[in-house]
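Trainee: I've just opened this one and could use a guided tour. Can we go through it piece by piece?

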Amino acid sequence: MAMRSILAVDDSASMRQMVSFTLRSSGYDVIEAVDGQDALDKLGDKQVDLVLTDQNMPRMDGLTLIKQLRVQERFKRTPILVLTTESSDEMKQAGRAAGATGWMVKPFDPARLLEVIGKVLPQ
Amino acid sequence: MSETQSQDNGGAFDLSQFHGVFFEEAGENLANMETLLLELDVDSADDEALNAIFRCAHSIKGGAATFGFQDVADLTHVMETLLDKLRRHELTATIGMVDTLLESGDVLRHLLSRHQAGAAEHEALDCSELVARIGALAHGSAAAAPVPPSAPAPAAAVVAAPVAVPALPEPVLAEGERLIELAIGPLERPDTADHLAELFTEIPGLGRIEATDGGQADAEGMRRFRVITSTPDSDLLDLFSFHVDREQVRLGAPAAAAAPAASPAPAAPAAPAPKAAAVENADYGFFVDLPSEAAPAASATAATAPAAAPAPKPAAKAGDRPATGATALESTSIRVPIEKVDQLINLVGELVITQAMLAQTGQALDPVVHQGMATGLTDLERNTRMLQEAVMAIRMIPMAVVFNRFPRMLRDLAGKLGKQVELQTIGEDTELDKGLIEKITDPLTHLVRNAADHGIEMPEVRIAAGKPALGTVTLAAAHQGGSIVIEVRDDGRGLNRDKLLKKAIERGLPVSDQMTDQEVYGLIFEPGFSTAAEVTDVSGRGVGMDVVKRNIASLGGSVEIDSTEGRGMRVSVRLPLTLAIMDGMSVGVAEETYIVPLASVVESIHLSAGDIKSVGGTGRVVEVRNEYLPLLALDELFAVPRKEPVSGGIMIVVEAEGGRIALIVDELIGQHQVVVKNLEANYRKVPGVSGATILGDGQVALILDVSWLVRRARH
């Protein structure tokens with residue numbers, strides 16, 4: 001089976017590096033993007049197995065990205081996690097309404113990230 | 001549900017490998033935030049700008065928390081809270097907020113540099129006063145008076161505001177502790193939950209627990225508690241499972257508590273209300289049941305979120321289509337450690353020398369016989385020069401990097417001095433070598449500060465003089481030939497020739513009425529010369545201007561002053577574009593070759609013994625175009641051994657620091673670019689010599705320090 005691929009979207013270079021290093025070390029293929037718009041550009045007509053996106057980003061934020069992905073047939077069922085620093089109900093509700101699969105609060109360590117991914121991407 | 005087995009490989013990651021990127025990124029965010037804050041129009045704050053400022057703080061916070069810089073995370077957290085309210089228009093921006101945020105930026109920069117330097121935890125700075133002040137601003141107390149450092153606000157602010165439990169006092173969290181909202185149920189017997197609470201009294205160190213529901217289950221049979229603990233969630237869950245089923249326990253962040261209590265009965269699954277998530281944890285959660293969960297997925301999905309609909313089944317077919325070309329981030333720029341660039345420059349320098357040697361050797365060959373070789377050498381020369389320029393360009397960065405610090409500085413200064421000053425910058429895109437940029441920053445800072453302090457008058461003085469109350473300091477940069485000229489201009493009071501002369505006489509400096517304006521203005525660069533009637537704490541006592549000049553001279557640059565009394569003053573700093581390569585004129589003195597920086601050469605003239613006049617005991621001068629210039633013989637100065645005495649020779653008129661002298665040499669060899677090698681790094685500082693280079697024939701030639709020579713000959 002082909003390598004699982006994950007789209008990681010974050011405007012912070014250090015977060016992006018940490019996330020993709022963690023994922024790549026665990027055998028995932030990673031597409032990095034700096035914001036929602038960049039993510040759409042980078043995706044093109046590719047498919048990924050999971051999307052991890054920051055919420056607050058310039059140009060296009062995470063929730064807008066999720067909405068844009070969910071209207072596309074190929075992303076209807078793709079798990080999408082919002083990585084966010086706030087875990088307020090307001091945010092959760094907005095994330096859920098946009099079509100996110102779940103959320104994860106920053107900061108997290110690599111082990112936690114892999115643990116959560118393990119839950120959404122069963123072997 | 002089954003707890004995921006711990007991932008051993010996850011714990012092995014060394015997060016410190018990302019610190020470098022984080023520090024750079026945080027630095028950029030801080031600079032960006034400062035620029036945006038300075039540009040922010042407080043009276044009609046632009047949403048886009050507020051969002052951008054918020055994002056800067058937000059981004060620093062996220063990284064700092066991830067990489068374990070707690071003090072940075074704590075401070076940015078309260079900043080973020082304040083900025084969030086601003087961008088949501090829950091608060092209106094004030095000058096005081098901008099000031100406090102700018103101050104916070106300074107503190108953050110400080111904290112970050114300490115972490116970068118590897119400061120130990122116990123040396124942590126106390127920012128609690130600042131944190132409390134920002135917290136007060138965020139909570140709408142306009143005064144935001146400094147709060148005593150003992151105030152408990154910072155600790156509480158670090159945790160999401162515990163508004164959810166108004167009935168209970170704000171918890172005080174010790175280090176490492178966190179606040180969790182615990183929901184248990186639905187329970188047939190609500191008092192089962194009390195067994196859980198007893199665990200906290202039975203097991204020392206587990207933490208504290210308080211019921212937030214007054215001991216009563218709600219309509220759903222849920223019991224709610226607030227837990228303050230440092231025990232990991234997984235351990236808590238393990239303990240709780242002795243009394244209740246795992247599925248009946250929900251651990252959540254404190255802010256989440258308010259809504260479930262208010263949410264409607266579970267009979268309305270389609271309602272968008274935040275019904276408890278399928279899986280909920282303190283730091284992550286899913287809106288839908290995942291494949292590994294037992295419960296059916298469909299009912300958990302809100303009708304308002306059609307896209308979120310079916311439970312993801314990624315294992316099915318999605319993975320079969322390989323993601324092609326999923327590779328690293330494509331970017332238009334890369335970060336490279338400066339050492340790598342310097343190494344490249346060094347190597348190109350060596351290549352330039354090798355090329356010069358080959359060219360020299362090639363000249364001895366018959367071009368007809370060795371035509372191919374000659375063509376090759378010509379190509380090599382051209383390519384070497386292009387390579388050199390391209391490599392040097394890597395180190396070039398725009399002056400904006402320096403200019404950007406001044407709006408903030410002038411703003412603070414003007415506030416302190418009670419003056420109105422605006423900064424204009426011209427030519428921020430002009431590029432300069434990184435090494436020079438770093439070294440020119442301090443001198444420029446001094447000049448700008450001086451312009452605001454001594455140049456720009458108080459508003460009432462300006463108005464009385466018929467000038468606008470708002471003074472202008474202009475920073476302009478432009479390339480001129482192989483140099484960059486940076487001007488610091490102000491439209492202030494300007495310099496008064498007579499006052500300067502009078503003061504110079506008081507200080508016992510050698511002056512005369514015949515001195516040109518330029519020379520008189522240059523007096524302010526003399527050590528200890530101050531023009532301000534009174535000493536201010538901004539520009540100090542005039543010490544510094546001489547340092548400014550010396551620093552600029554040490555970079556191979558020069559500084560000139562021009563002024564019109566009552567109209568302002570202009571200080572022009574001229575610098576070479578790079579320190580690594582310069583245009584030089586090579587001159588022969590007996591068997592030695594010296595390099596004179598071409599920028600300082602005015603002219604060269606044949607010298608006959610009759611032109612030289614002796615002055616005093618040992619001094620000699622020469623008349624050049626009705627001007628007597630001090631004469632310096634390089635062979636005498638450097639004690640160059642000579643087999644036979646020469647008569648006549650050539651003199652080169654050089655100029656530095658506004659003064660001219662003539663140097664006697666035997667011959668002019670030629671002009672070429674030389675790769676500057678630091679003499680101090682390889683040998684030691686030699687007076688009169690600024691560096692060394694290797695010539696085409698492999699010989700080492702010393703590069704003359706013309707400023708030093710001029711000073712020596714004229715004083």
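Trainee: Which residue in the turn of the hairpin formed by E18(B) and E19(B) has a positive phi?

Mentor: Before that, some ground rules: this is a predicted model, where local features need pLDDT of at least 70, side-chain atom pairs count only at pLDDT 80 or more, and totals for chains, interfaces and linings use all residues. Residues are numbered from 1 along each chain as its sequence is written, chains are lettered from A and ligands numbered from 1 in the order in which they are written, and side-chain values use heavy atoms, with hydrogens and water left out. Strands here are DSSP runs of E with at least two residues, helices are runs of H or I with at least four, and both are numbered from the N terminus. Two residues sit between E18(B) and E19(B), and the one with a positive phi, about 45°, is Arg625(B).

Trainee: And what is the bridge partner of Val621(B) in E19(B)?

Mentor: Strands count as paired if DSSP finds at least two bridges between them. E18(B) and E19(B) (residues 627–633) run antiparallel and are joined by four bridges. In E19(B), the partner of Val621(B) is Pro630(B).

Trainee: Why is strand E10 of chain B largely enclosed by the rest of the structure?

Mentor: Look at what flanks it: six bridges join E8(B) (residues 421–426) to E10(B) in parallel, and eight bridges join E10(B) to E11(B) (residues 483–490) in the antiparallel sense. Buried means under 20% relative accessible area, exposed over 50%, and partly exposed in between, with a 1.4 Å probe and protein chains only. E10(B) spans residues 471–480 and is largely enclosed because, of its ten residues, the number buried is seven.

Trainee: How many aromatic pairs does the structure hold over all chains?

Mentor: Rings of Phe, Tyr and Trp (its six-membered ring) pair if their centres lie within 6.5 Å; planes under 30 degrees apart count as stacked, over 60 as edge-to-face and the rest as tilted. Over all chains, the count is seven.

Trainee: How many residues apart in sequence are the parts tied together by the stacked pair Phe22(B) and Phe69(B)?

Mentor: Their centres are 5.6 Å apart, with 15° between the planes. Phe22(B) is buried at 0% relative accessibility, and Phe69(B) is buried at 6%. Since Phe22(B) lies in helix H2 and Phe69(B) in the loop between helices H3 and H4 of chain B, the pair ties together parts separated by 47 residues.

Trainee: Last one: what percentage of the residues of chain A count as buried?

Mentor: Chain A has five helices and five strands, and from the N terminus on its elements run β-α-β-α-β-α-β-α-β-α. Of its 123 residues, the buried share is 70%.
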